Amino acid sequence: MVDFLAENNLCGQAVLRIVSRGNAIIAELLRLSEFIPAVFRLKDKSDQQKYGDIICDFSYFKGPEYYDSKLEAKPDLQDLDDEFRENNLEILSRFYLAFESVHKYIVDLIRYLDDLYEGVYIQQTLETVLLNEDGKQLLCEALYLYGVMLLVIDQKMEGEVRERMLVSYYRYSAARSSADSNLDDICKLLRSTGYSSQSGAKRPANYPESYFQRVPISSTFISMVIGRLRSDDIYNQVSAYPLPEHRSTALANQAAMLYVCLYFIPSILQTQQAKMREIVDKYFPDNWVISVYMGITVNLVEAWEPYKAAKIALNYTLDSANIREQASRYSVSMEGLRPQIQQLLKEGFLREEIILDNVPKLLNCLRDCNVSIRWLMLHTADSAYDPNNKRLRQIKDQVINDSKYNPKILFQVLLDTAQFEFTLKEMFKKMLSEKQLKWESYRAEGSERMTELAEVFSGVKPLTRVEKNENLQAWFREISKQIESLNYEDSTAAGRKTVQLIQALVEVQEFHQLESNLQVCQFLADTRKFLHQMIRTINIKEEVLITMQIVGDLSYAWQIIDSFTSIMQESIRVNPSMVTKLRATFLKLASALDLPLLRINQANSPDLLSVSQFYSGELVTYVRKVLQIIPESMFTSLAKIIKLQIHAIMEVPTRLDKDKLKDYAQLGARYEVAKLTHAISIFTEGILMMKTTLVGIIKVDPKQLLEDGIRKELVRRVAYALHKGLIFNPKAKIQDWQSVYQSTHIPIPKFPAVDESATFIGRLCREILRITDPKATCYMDQLNTWYDLKTHQEVTNNRLFSEIQDTLGTFGLNGLDRLLCFMMVKELQNFLSVFQKTILRDKAMVDVFKAMLSAVNPVKGIVANASKGYANAVAKTQRIWGPYLESIMKVGQMQILRQQIANELNYSCKFDSKHLAAALENLNKSVAPSERMLVHAYYYDRMIHSGENKYLIHCQFCRFSYLQRMTCRKATDPVDWSPLVLGLLTLLKQFHSRYTEQFLALIGQFIRSVMEQCTSQKIPDMPSDVVGALMFLEDYVRYTKLPRKVGLD
């Protein structure tokens, strides 16, 4: 019969692909659970107020028109909705694809079962597939993995959050208009169950069975799967655990599968006491905490509480006497195993001959260690017991007391077991690879010894006191031929024949009185020794390695191990060489990857790399977390050294009196510095002892680990210092996973907010804006200095940016420049939003502008009665100028700051790397003129709204008309000229050049009209408004570096 998993077996390959995809989906769900945007949780009041109207749960589907009309009525809400879509659509699409794949998985499984029922696969039915060993495993796994997916989704992604993400995806994507979209089915499957993973949360009624039944699955299939899981050892694990007390550990993975699958037929849990009694007696007679998948633990006491039959069946297991018996058994086991494993790990104890002679004993020791560690780790884990449940607390306390649980001792046994397992595996692998060569060399040596003895008894070869004996000569030659004829390929026959040859050599020594000749006895003893070695060597089987792999499984501790992090770090702090043993523990933990990757690998799925990288990355992240204690300890020691050098150790002068030598020696302080320096070098050696290690598919280089760890700690300390140091009178979001500046291994730390700024750079930027506020200061362009408007004292100057350069470096100054860019974009967007509200949606204001436009046309002409006309226009538009002026001056202020930053960067660039600066300058000149004033083109389309441009010229004209108020004639009306000019210039640059031309034409018309009126009325002095307009033109030409002819024209 064709192998079920053969490539030409369509039935086997179809279910294998489904199971492979199931493991990949779970990995994706676990990966995405770490990237849920916090805003969808709506935990903070600020988030609720800001996003409450645009983030909806499934109540949205009851009346989408109501929500959409609410959005349309509020332009601010529309802008926020657009921004929210832009920021989150990518991650929402990723979540939706994961949710869709869960639904597609169960649909494909149901279709496969239908195909089996309809006879699509020739000679294959559900019954025949379940009779096949591989088929039975795959069908059980297929149902189990679907259950795990649902549990993972509900544990890692709250129901309300799922609903909000699905609704947001529906609103923002094209899925709503797609005919083949199965969004409705996905929403039905993944709607909120009411379950919460928070401690103390009440469990919903009929959970999770009602959740599992949202997509109907064949009850016959589920019953047959549960039947196989109840009765069979589907993975043949019992052979690796021959002792009866280890049976529940041997069947632990199958028990987890059965636990999940029982929720598909809750009637067994509820009413069928006989079946539940059988299940508990077989799988849970001595344990009640299980690992469902990759370390996700479940306590059956709590999980089966609502089910009558399951609860009754579990009563014996949870009997106080049984708990005491199990806990005491493992306590005694740990006490005996600890010295035993330490003895095996002594230097030089594990030799090849010891291993070959004691394989069963060593394997039994490994089994006992791993079973004890598993039981104690699971049944004492904090995550398995709800602190709000009184009964669970009592059970946990009893386990801890009766087992004399000490986490440090358990961790030490885990370390020793991992080291022993690693050493034994490596030696066994080496012996297995050399097995044939060694066996053949022993055979050659034995045959050669017999040939030499035959020659001795021939009388030709002289040997002391050995007479010629032709019978013995022939016999030894025959034995030599027999040894030579042994065949390595036929190990069974060779082993039997080798035993017979050893017996024959013993008998020949006794019957022919050869004991008197020491040389002959030595030859016979050597040959027997070689034959014994051949038997030992032929018994080196790969099955031993497989058994070690099964027994050494640590997948149940994938999450629990984190509770031992502090113990690991403390042991490293005390003894840095402990890293070598930790390496073995990490490699043992890496064996957990075999569980999800086995089927993916068998199916040759392209998901293999992605899933391997995820789990390997998780483990490497944990390794980094544990080993981060080394850089932390190094920096702590360095801080102590710095403190001693600054505050304790005096600087030795060039000339020193002899009687003061003792005072300056300060031997105690210098000894402390030497001691701390030595400690730092020891820590460094500790991490380098780890050697390059392959963790999953990721190669971990200890040098790189040390470097990354030092950089991470340095980033943390510098960021903390700046966070604490840069706090000034406290009064388009990028997610971490999207940021090119955020690193997984060396993350920029987040601190609690002290004001509206997220980081110290934001606080620094806002403080600079505060002290250079155009309302309170006046900027002198020629001096690059800001003066206080009231006191006329200097506030700051361009030296400020030199100080920032010295403190934060080029990257800090550049970051400040980029932040100012984004702030300008925001300010310009606000300006346009205000423009839209105050002008475009105000009919009266639109009429005013239309009247003004007709009054000034044609622009090349002269406005009649200019003074009255312009004064009228200013009066009618008085109320809109406050917010306009504030926005424009803020933009201008930020442009001045950016100009100063550019000057400082340019100066330092030319000073520090003149050749590069010159090359860059030439490149700029040859490619395009520098346009420092422009905001990044990426944002242009976000700032220009259709329908506004035709009115913009009117707005520009009115701004100009207001120039009479911008000459600071009153102390109560302060306006700083330079920010005003640069702000207007920046605003104009965001639009087509024709608007600038029209604006300048209107200024020219204003100057001509007012001067014409002054001439006709014989007013000798030039009005201040005209002076202001001419000053604006001068500055405009200067800042844009245009020829003066433009202004004159």
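Cys 1014 counts as buried in this predicted model, because its relative accessibility of 7% falls under the 20% limit for a buried residue. Cys 369 is likewise buried, with a relative accessible area of 0%, and Ser 33 is also in the buried class, with a relative accessible area of 15%. The values for these residues are set out below.

| Residue | Relative accessible area | Class |
|---|---|---|
| Cys 369 | 0% | buried |
| Cys 1014 | 7% | buried |
| Ser 33 | 15% | buried |

A search for disulfides across the whole structure gives a count of zero.

Ser 33 is found in a loop, the one that lies between helix H1 (10–32) and helix H2 (45–51). When its neighbours within four places in sequence are left aside, Ser 33 is in contact with Lys 156 and Met 157.

Helix H27, which covers residues 579–590, consists of 12 residues. From its first C-alpha to its last, H27 reaches 16 Å, close to the 16 Å expected at 1.5 Å a residue. This helix is mostly covered, since nine of its 12 residues are buried. The buried residues of H27 include Val 579 and Ala 590, together with the run Leu 582, Arg 583, Ala 584, Thr 585 and Phe 586; Lys 588 and Leu 589 are buried as well.

Definitions and conventions
Residues numbered from 1 in each chain as written. Predicted model: local features only at pLDDT ≥ 70, side-chain atom pairs only at ≥ 80, totals over all residues. Heavy atoms only, no water. Helix = DSSP H or I, 4+ residues; strand = E, 2+ residues; numbered from the N terminus. Expected span 1.5 Å × (residues − 1). Buried < 20%, exposed > 50% of the residue type's maximum accessible area, 1.4 Å probe, protein only. Disulfide = S-S within 2.5 Å. Contact = heavy atoms within 4.5 Å.
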